[in-house]
Amino acid sequence: QLRDAPWQISDRELRALQRILSKTNARLLHIYFGQIAVHLLPLIRSWNKPSIVSFHGADVTVDMNKPAYREATREMLDAVKLVLVRSESLRRAVIDLGCDEKRIEIQRTGIPLDEFPFRERNFVTAATEWRAVQAGRLIEKKGLPVTLRAFALFQRRHPNANLTIAGEGPLLGQLQNLARELNIDRRVSFTGFISQEQLREIYYGSHIFLHPSQRGHDGNQEGIPNSMLEAMASGLPVFATDHGGIPEAIQNGVSGVLVPERDHEKLAAALLDATQDPGFLSRIARNGAEIVRKNFDLRAQEIGRAHV
């Protein structure tokens, strides 16, 4: 902490992990997050079998402005056999850290499509009571204040509209206060943590999915959000931002709508324009679901993972 450097396992912890790997006759070590691989660097270096590391988003962006963190991550990347990333944007970020691009493979998020079958929404009748939803951790990079401010503008035109924010996180209190300040607290529901089954029912009861992600002040950014892919698979038209890996799943105006980061007015304008055209909403919803089916099917990703 004094050196502002990432911690790594001690000699005692190293010996304990070596005994476990030996006892289980492990042949491959897959470390699921980049920062954990940095912690385990002494193990990676001492083990005589291959190690793989996966990067998901924050683990390749947060704290990389600190020399000690960046150098430790670079040393870890040199030590592992293979690097898996969730999106093209993360692949570029890992290359920028100094990783040999020949050792990087894109392993996209897999969505269990049978759990989120496509359902056509009726966007004509929705005009009397639009229902929007955003799902995920209540943290800075999810852009939730933008969602609330955009919904406040949208709700002026559609006073019966409702917004559900599903998830929990440290920003809950701030977001609830903002909803009150915007005078939309009676139209906004904060569900807290809910099950996958409950989330699925909210998706099917909604007309629009919002996800205006943004780069956090700590550098944190998205890969390709799972909640967004699940919403697309279920048939929800998605309104998001040109951020991180999101454009790898959404082509603006074709399989969703993308606006600039941190711009609630443009998000509100996009929503208001789209709700005047039910055919457009149906089209981007169908195209979005097809993109997920083609590129993010969990079964296809499992086959790719087995091949790797």
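Me: Which residues of helix α6 are buried?
Reply: This is a predicted model. Helix α6 covers residues 144-157, and a residue counts as buried when its relative accessible area is under 20%. The buried residues of α6 are Leu144, Val146, Thr147, Leu148, Ala150, Phe151, Ala152, Phe154 and Gln155.

Me: What covers the buried residues of α6?
Reply: Both helices and strands take part in the cover. The strands include β5 (131-135), β6 (162-166), β7 (188-192) and β8 (208-211). The helices include α7 and α10 (264-274).

Me: How many Å does helix α6 reach from its first C-alpha to its last?
Reply: Helix α6 has 14 residues. At 1.5 Å a residue, a span of 20 Å is expected. The model comes close to that, with a reach of 20 Å.

Me: Which element gives the most to the largest nonpolar core?
Reply: The largest nonpolar core has 35 residues, and Trp130, Leu148, Leu163, Leu210, Phe239 and Leu267 have the most contacts inside it. At least two residues of this core come from each of α6, β6, α7, β8, β10 (257-259), α10 and α11 (278-295). With seven residues, the element that gives the most is α6.

Me: Which residues of another core, lying apart from the largest one, can be named?
Reply: In soluble globular proteins, nonpolar side chains tend to be buried together. Here a further core of 27 residues lies apart from the largest one. Among its residues are Leu40, Met64, Val83 and Ile104.

Me: Which residues does Phe239 touch, not counting residues up to four places away in sequence?
Reply: Phe239 is one of the residues with the most contacts inside the largest nonpolar core. Contact here means heavy atoms within 4.5 Å. The residues touched by Phe239 are Ile208, Phe209, Leu210, His211, Pro212, Val257, Leu267, Ala270, Leu271, Ala274 and Leu281.

Me: Why are Arg91 and Glu88 separated by about one helical turn?
Reply: The side chains of Arg91 and Glu88 meet in a salt bridge, at 2.9 Å from N to O. An α-helix has 3.6 residues a turn, so residues three or four places apart point the same way. Arg91 and Glu88 are about one turn apart because they are three residues apart in helix α5 (residues 88-96).

Me: Which residues do salt bridges that share partners join into one network?
Reply: Arg91 also forms a salt bridge with Glu101, with the closest N and O atoms 3.7 Å apart. That pair links helix α5 to the loop between α5 and β4 (104-106), ten residues apart. The network joins Glu88, Arg91, Arg92 and Glu101.

Me: How many residues apart are Glu120 and Arg286?
Reply: Glu120 and Arg286 form a salt bridge, the closest N and O atoms being 3.6 Å apart. Glu120 is partly exposed at 44% relative accessibility, and Arg286 is partly exposed at 41%. Glu120 sits in the loop between β4 and β5, while Arg286 sits in helix α11, and they are 166 residues apart.

Me: Which residues form a nonpolar patch on the surface?
Reply: One member, Ile36, lies in helix α2 (residues 34-39). Ile36 is partly exposed, with a relative accessible area of 36%. Together the patch members have about 260 Å² of accessible area, and they are Tyr32, Phe33 and Ile36.

Me: How many Å apart in space are Gly173 and Ala161, C-alpha to C-alpha?
Reply: Gly173 is found in helix α7 (residues 172-181) and is partly exposed at 34% relative accessibility. Gly173 and Ala161 are twelve residues apart in sequence. From C-alpha to C-alpha, the distance between them is 22 Å.

Conventions. Residues numbered from 1 in each chain as written. Predicted model: local features only at pLDDT ≥ 70, side-chain atom pairs only at ≥ 80, totals over all residues. Heavy atoms only, no water. Patch = residues over 30% accessible without salt bridge, like charges linked within 9 Å, V, L, I, M, F, W, Y side chains within 5 Å. Areas by Shrake-Rupley, 256 points an atom, 1.4 Å probe, with all protein chains shown as cover. Salt bridge = Lys/Arg side-chain N within 4 Å of Asp/Glu carboxyl O. Helix = DSSP H or I, 4+ residues; strand = E, 2+ residues; numbered from the N terminus. Buried < 20%, exposed > 50% of the residue type's maximum accessible area, 1.4 Å probe, protein only. Expected span 1.5 Å × (residues − 1). Core = buried A, V, L, I, M, F, W, Y, C linked by side-chain atoms within 4.5 Å.
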